[in-house]
Amino acid sequence: MKKEGSVFGQDGLNIFGSEDSQKGTGGSGIGVNSFLWRATLDTLSFMPLNSADPFGGVIITDWYAPAETPNERFKLTAYILGTALRSDAIKVSVFRQVNVGPNQWQDAVVEGGTVTSLEDAILTRARQLRIDSANVQ
């Protein structure tokens with residue numbers, strides 16, 4: 001007898017992961033370094049979150065205007081590029097705008113070193129989380 005095919009493949013559509021992934025042997029869990037993911041969320045927690053994709057490793061914030069400088073606002077996008085806890089596994093993009101009139105914002109230059117400072121803060125937090133998790137076990 002001929003076996004029927006499926007548009008979802010041989011095993012069908014399994015939204016809760018396979019038995020292998022539940023045992024920790026599969027690859028359907030978070031696709032990025034969990035320490036970098038958590039550290040990025042912690043470091044950017046002062047900004048409103050627009051979207052977060054743990055499988056693609058992308059965190060996008062909404063516009064944030066610091067209380068000290070209400071005439072400028074910032075938006076960040078963080079990319080976690082791998083599963084290793086390394087400095088080249090995190091990339092942050094910072095966007096800045098200044099107010100030039102009522103509800104009128106113009107793109108502005110981000111100060112040099114801002115991106116590096118954010119990436120360093122995320123890496124430092126990720127290392128702290130890793131050390132804390134090793135001490136618990």
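**Ground rules.** I am working from a predicted model, where local features need pLDDT of at least 70 and side-chain atom pairs count only at pLDDT 80 or more, while totals for chains, interfaces and linings use all residues. Residues are numbered from 1 along each chain as its sequence is written, and side-chain values use heavy atoms, with hydrogens and water left out.

Entry 1: I began with Tyr64, which counts as partly exposed at 25% relative accessibility (buried is under 20% relative accessible area, exposed over 50%, partly exposed in between, with a 1.4 Å probe and protein chains only). Phe46 is also partly exposed, at 45%. I found one aromatic pair in the structure. Phe46 and Tyr64 have ring centres 5.3 Å apart and planes at 80°, so I logged the pair as edge-to-face. For pairing, the centres of Phe, Tyr or Trp rings (the six-membered one for Trp) must lie within 6.5 Å; planes under 30 degrees apart are stacked, over 60 edge-to-face, and the rest tilted.

Phe46 sits in the loop between helix H2 (34-43) and strand S1 (49-53), and Tyr64 in the loop between strand S2 (58-61) and strand S3 (72-80), so the pair ties together parts 18 residues apart in sequence. I take helices (H or I, at least four residues) and strands (E, at least two) as DSSP runs, numbered from the N terminus.

**Entry 2: Trp63.** Which residue lies over the face of Trp63? I found Arg73 there, 4.5 Å from the ring centre. To count, NZ of Lys or CZ of Arg must be within 6 Å of the ring centre and within 35 degrees of the ring normal.

**Entry 3: the hairpin.** S1 and S2 run antiparallel, joined by four bridges (strands pair if DSSP finds at least two bridges between them). Four residues separate the two strands of this hairpin, and Gly57 in the turn has a positive phi of about 75°. Leu49 stands opposite Thr61 in S2.

I stayed with Thr61. Is it buried or exposed? Thr61 is buried, with a relative accessible area of 0%. A polar atom of its side chain lies 2.8 Å from the backbone nitrogen of Leu76. I count N or O atoms within 3.5 Å as a polar contact; within protein, one must be able to donate a hydrogen and the other to accept it, and residues adjacent in sequence count only if both atoms are side-chain atoms.

**Entry 4: helix H2.** At the start of H2, a side-chain oxygen of Asn33 comes to within 2.9 Å of the backbone nitrogen of Phe35. The buried residues of H2 are Leu36, Trp37, Ala39, Thr40 and Thr43. They pack against S1, S2, S3, strand S4 (90-101) and helix H3 (114-136), taking contact as heavy atoms within 4.5 Å.

**Entry 5: the core.** Which members touch the most others in the largest nonpolar core? I noted Leu36, Leu76 and Val92, out of 20 residues. Such a core is a set of buried Ala, Val, Leu, Ile, Met, Phe, Trp, Tyr and Cys residues joined through side-chain atoms within 4.5 Å. H2, S3, S4 and H3 are the elements giving two or more residues to this core, and H3 has the largest share, five residues.

Leaving out residues up to four places away in sequence, Val92 touches Leu76, Thr77, Ala78, Val115, Leu118, Glu119 and Ile122.

**Entry 6: Thr77.** Last stop, in strand S3: Thr77 is buried, at 8%. Its C-alpha atom is 8.5 Å from that of Phe95, 18 residues away along the chain.
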